[in-house]
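Subject: Structure handover

Hello,

Here is the structure you will be working with. Please open it next to this email and follow along.

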Amino acid sequence: MTFSTLALITALGLLGPLLAAKRSWNLPLILGPMVAGVIFGATGFRVLDATEPTFAFLADIGFAIVMFVAGTHVPVRDPAVRSALGAGAVRAAGVGVIAAVLGTALAAAFGTGHAALYAVIMASSSAAVVLPIINAGHLTGKPVLALTAQVAIADTVCVVALPLVIDPPTAGRAALGALAVGGAAFVFYLILRWSERSGVGDRIEAVSEEREFALQLRVSLVALFLLAAIATTMHVSVMLAGFALGLAVAAVGEPRRMAAQLFALGEGFLAPLFFVWLGARVNLRDLVEHPSFILLGLALGLGAIAAHVAMRFVGLPVPLGVLAAAQIGVPVAAVTVGEQLHLFAAGEGAALILGALVTIGGAAIAAGPAANSGRTVPPGPASPGARPAHPS
């Protein structure tokens with residue numbers, strides 16, 4: 001990794017805001033850097049080498065940050081969302097059942113033997129994609145509350161389930177790793193709750209703001225990297241570490257200054273770098289050489305949308321169902337772990353990413369109609385110190 005390469009990666013990250021600038025297109029911010037990575041990576045010009053150790057390590061940090069921020073955006077403290085947990089759980093379970101049937105059918109049709117993995121991927125929802133669209137569209141109302149609860153439940157369950165299903169022979173080790181990460185995140189939650197109730201947290205925040213120490217951000221990064229160390233040692237994705245810690249912070253309440261600092265650190269550098277790396281590491285040439293996996297990718301994406309849209313029969317409007325199908329973290333972690341363990345045939349990993357892109361495209365198309373499925377409120381002036389919406 002050189003500074004010239006880093007400058008190129010950072011410049012490619014600007015494609016995200018450029019494509020997302022036109023509001024009527026409803027394009028997620030992550031799409032630009034991913035496309036840029038595809039063009040300059042293994043599929044295109046091959047200028048960027050995703051296997052370069054420094055690039056890959058920075059991307060891992062970026063992935064952990066992305067999932068950390070996604071976890072902090074899950075509204076676990078919102079009473080309205082908690083009241084919708086019942087409906088959200090029913091819909092998430094219904095999607096899971098349909099995804100299991102579709103996953104079994106796809107694994108049999110393509111002869112991969114990854115039925116459980118496909119089911120988890122199609123059942124997943126990405127809070128990192130869905131919640132910013134809800135915030136940007138100022139969507140409110142009971143259907144949106146139920147959607148938020150559904151996405152939060154599906155995201156959490158699938159993040160935990162992924163390491164258990166991706167390699168069944170090592171599921172026991174993965175379960176221990178998930179428990180270790182979850183236990184460490186719970187300990188951090190207890191520490192945060194104690195600091196808030198005792199007033200220690202307020203004093204730390206006051207000193208940090210007065211002296212510009214960014215203490216809460218530093219402590220959170222220490223916790224994040226400790227959980228990531230546990231995850232990698234136990235052969236679990238850093239996705240779980242980031243998301244679990246984000247939920248712990250959300251359960252207590254994220255300090256606004258730390259949210260702004262984390263937003264700047266992630267969206268200013270590490271998140272775009274991760275998505276450029278993700279695009280660079282995906283070799284779509286494998287899909288050309290193995291065209292059957294193009295069909296698999298399309299089937300995974302359309303299957304995920306179909307499974308979520310089927311919840312129309314229990315009250316979820318179709319546009320919100322399409323929006324709920326958007327996914328990124330679970331497929332990315334599946335590809336990362338699967339390729340590290342040599343579990344996939346050539347082209348299968350690219351098919352999983354293609355499926356995720358199909359769901360993101362569906363979410364972009366559904367974002368406009370989704371605004372008509374719930375009551376919208378016009379954007380008002382931002383309150384001082386208001387938390388910025390995560391745009392990925």
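Two residues are in contact when they have heavy atoms within 4.5 Å. Leaving aside its neighbours within four places in sequence, Ala99 is in contact with Ala119, Met122, Ala123 and Ala307.

A word on the source. This is a predicted model, where local features need pLDDT of at least 70 and side-chain atom pairs count only at pLDDT 80 or more, while totals for chains, interfaces and linings use all residues. Residues are numbered from 1 along each chain as its sequence is written, and side-chain values use heavy atoms, with hydrogens and water left out.

**Overall picture**

The protein has 19 helices and zero strands. Helices (H or I, at least four residues) and strands (E, at least two) are DSSP runs, numbered from the N terminus. The radius of gyration is 20 Å, close to the 21 Å that the globule rule gives for 392 residues, so the protein is as compact as a globular protein of that length. That radius is taken over C-alpha atoms, and the globule rule is 2.2 Å times the number of residues to the power 0.38. Along the principal axes, the C-alpha atoms fill a box of roughly 60 × 50 × 45 Å.

Buried residues make up 51% of the 392 residues. Buried means under 20% relative accessible area, exposed means over 50%, and partly exposed lies in between (1.4 Å probe, protein chains only). Take the contacts between residues at least 6 apart in sequence: 81% of them join residues at least 24 apart.

UniProt, in an unreviewed entry, lists residues 14-365 as "domain: Cation/H+ exchanger transmembrane". UniProt positions are given in the numbering used here, feature names are shortened, and annotations may be inferred rather than shown by experiment. Over residues 14-365 the chain is 77% helix and 0% strand. The end C-alpha atoms of that stretch are 22 Å apart.

**Helix α1**

Start with α1, residues 3-13. Ile9, Leu12 and Gly13 are buried there. Seen down the axis of α1, its buried residues fall within an arc of 110°, so they line one face of the helix. The arc is that of the directions from the helix axis to the C-beta atoms. Phe3 and Ser4 are exposed, on the other side of α1. What do the buried residues of α1 pack against? Their partners are α2 (15-20), α3 (31-40), α4 (53-72) and α14 (256-281).

Ala99 is buried, with a relative accessible area of 0%. Leu320 is 221 residues from Ala99 along the chain, and their C-alpha atoms are separated by 17 Å.

Ala174 lies in helix α10 (residues 171-198). Ala174 is buried too, at 4%. Ser198 is 24 residues away along the chain, with 36 Å between the two C-alpha atoms. Not counting residues up to four places away in sequence, Ala174 touches Pro163, Leu164 and Val236.

**Nonpolar cores**

A nonpolar core is a set of buried Ala, Val, Leu, Ile, Met, Phe, Trp, Tyr and Cys residues joined through side-chain atoms within 4.5 Å. The largest one has 112 residues. Leu117, Tyr118, Phe275, Leu278, Leu323, Ile328 and Leu352 touch the most other members. Helix α4 gives the most to this core, with twelve residues. A second, separate core of five residues includes Ile305, Val322, Ala325 and Val358.

**Aromatic pairs**

Rings of Phe, Tyr and Trp (its six-membered ring) pair if their centres lie within 6.5 Å; planes under 30 degrees apart count as stacked, over 60 as edge-to-face and the rest as tilted. By this rule the count comes to five aromatic pairs. The rings of Phe40 and Phe45 have centres 5.7 Å apart and planes at 75°, so this pair is edge-to-face. Phe40 is partly exposed, at 23%, whereas Phe45 is exposed, at 59%. Phe63, Phe274, Phe275 and Trp277 form one aromatic cluster.

**Two histidines**

Most residues other than glycine have a negative phi. His235 has a positive phi of about 60°. His235 is found in the loop between α12 (215-233) and α13 (238-252), and is partly exposed at 47%. His342 has a positive phi of about 55°. His342 is found in the loop between α18 (329-340) and α19 (348-371), and is exposed at 71%.

Best wishes
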